[in-house]
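Dear colleague,

Please find below the structure I promised to hand over. My notes on what was found in it follow directly after.

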Amino acid sequence: MASLPFIPFPTYKQVCLPDVKVFRCQKPLSVRCSTGDSSIVGDDEFDAKVFRHKLTRSDNYNRKGFGHKEETLEIMNQEYTSDIIKMLEHNNNEYTWGNVTVKLAKAYGFCYGVERAIQIAYETRKQFPDREMWITNEIIHNPTVNRRLEEMEVKIIPVENGEKQFDVVDKGAVVILPAFGAAVNEMLTLNNKQVQIVDTTCPWVSKVWTSVEKHKKGTYTSIIHGKYYHEETIATASFAGKYVIVKDMDEATYVCDYILGGKLNESSSTKEAFLEKFKLAVSKGFDPDTDLVKTGVANQTTMLKGETEEIGKLVERTMMRKFGVENVTEHFMSFNTICEATQVRQDAMYKLVDEKMDLMLVVGGWNSSNTSHLQEIPENRGIPSYWVDSVDKVGPGNHIAYKTKDGELVKKQNWLPKGHVTIGITSGASTPDKAVEDILMKVFEIKSEESLEDA
């Protein structure tokens with residue numbers, strides 16, 4: 001482990017922290033398209049797969065950028081990389097600054113899909129410097145990156161009463177589809193408006209869409225492990241036929257218990273209770289009595305790998321029990337749709353929490369699903385863990401505002417213990433290294449002030 005005397009880093013100006021009280025964060029609302037075009041998607045005659053195939057080959061569609069990759073990557077390198085992170089990487093992910101030892105997870109930060117999405121968005125603005133430019137959602141779940149796009153005058157399509165107001169988009173505008181993808185009805189609306197569509201959808205998300213399309217072709221109902229209000233899951237569901245969305249193992253067990261007529265763990269009850277429980281998480285006209293005879297499993301790519309695998313095994317065992325082992329392939333279909341980047345970051349976190357440390361810092365957007373699952377890991381081990389989305393949640397003084405795995409926003413005084421402290425740190429797949437550096441700089445500042453007071 002490399003070490004050197006404490007170097008006083010440049011200090012920030014006073015950081016103002018909102019007066020935050022403990023509360024349960026509200027779930028974001030799912031949104032719909034406000035135009036009449038969305039109804040077409042529910043028509044049995046409409047084939048989402050065929051439409052997407054034609055769209056991706058049209059003149060007004062781009063998903064590969066515009067030839068400015070090297071230039072835009074250089075800009076991103078200037079804006080988002082970190083000398084502190086480089087120092088850690090060059091020293092086996094562990095380094096000591098004065099009375100602070102930092103242990104960095106082996107896998108962290110920007111994944112390929114996120115970096116690709118940001119880079120294409122930057123290219124798009126360079127290609128169309130004077131064109132009106134919109135994006136259907138935040139490009140990724142990170143406040144630093146989203147603020148940067150706002151500065152570049154890339155505007156998020158407004159939402160009123162749960163409906164996206166696509167009427168603000170004029171013919172000739174440029175519209176970016178974010179890394180999470182977009183629902184097929186949104187693509188249809190934008191195509192009809194004859195706008196330039198720039199698609200930054202992560203390839204892993206597209207892989208999930210292909211899986212649910214295969215479910216649909218085989219008349220299998222998609223059991224989607226995800227959050228029904230999450231942009232990615234909304235998009236995935238729009239390409240499925242029949243579907244039910246389960247957020248965790250408990251909900252998956254409820255569904256499987258219903259399939260077995262209450263003979264799994266008696267958690268389910270009536271058809272009416274089922275439909276009430278999943279009223280926001282099933283396809284139109286869903287009937288659990290007839291639509292759970294043939295099932296396939298897919299997932300939101302940012303969910304916990306282990307839980308998705310366990311849900312898949314549970315559904316497969318349920319179908320074996322219901323219809324016999326010899327008939328299981330007629331009633332169950334599964335593809336590996338777990339995002340590799342999500343998996344390796346979770347695996348790295350599991351290894352990091354095995355090491356000795358005083359506390360953990362998890363850096364990432366508070367609406368980031370993959371970051372929330374990183375926070376789960378140290379919390380479940382009983383390690384003090386602080387999930388912060390930006391540097392303005394640290395300070396003034398030895399104060400922090402952080403989020404827990406359960407969605408509570410908490411403020412805490414004296415979160416950094418006195419004396420030498422060992423901090424584990426990681427960041428979500430949507431988090432730039434610069435955001436991690438900013439937070440570590442604040443930690444160094446707090447500990448430096450402590451040293452001066454004790455001198």
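The accessible surface of the protein comes to about 20,700 Å², and carbon and sulfur atoms hold 49% of it (areas by the Shrake-Rupley method with a 1.4 Å probe, where for residues only the protein chains shown count as cover). Please bear in mind that this is a predicted model, in which local features need pLDDT of at least 70 and side-chain atom pairs count only at pLDDT 80 or more, while totals for chains, interfaces and linings use all residues. Residues are numbered from 1 along each chain as its sequence is written, and side-chain values use heavy atoms, with hydrogens and water left out.

The protein has 15 helices and 21 strands (DSSP runs numbered from the N terminus, helices being H or I of at least four residues and strands E of at least two). Of its 455 residues, 56% are buried, that is, under 20% relative accessible area with a 1.4 Å probe, protein chains only.

Finally, S283 is found in the loop between α11 (271-277) and β15 (295-299), and S283 is buried, with a relative accessible area of 7%. Neighbours within four places in sequence aside, S283 is in contact (heavy atoms within 4.5 Å) with G241, K242 and Y243.

Best regards

Conventions. Buried means under 20% relative accessible area, exposed over 50%, partly exposed in between (1.4 Å probe, protein chains only).
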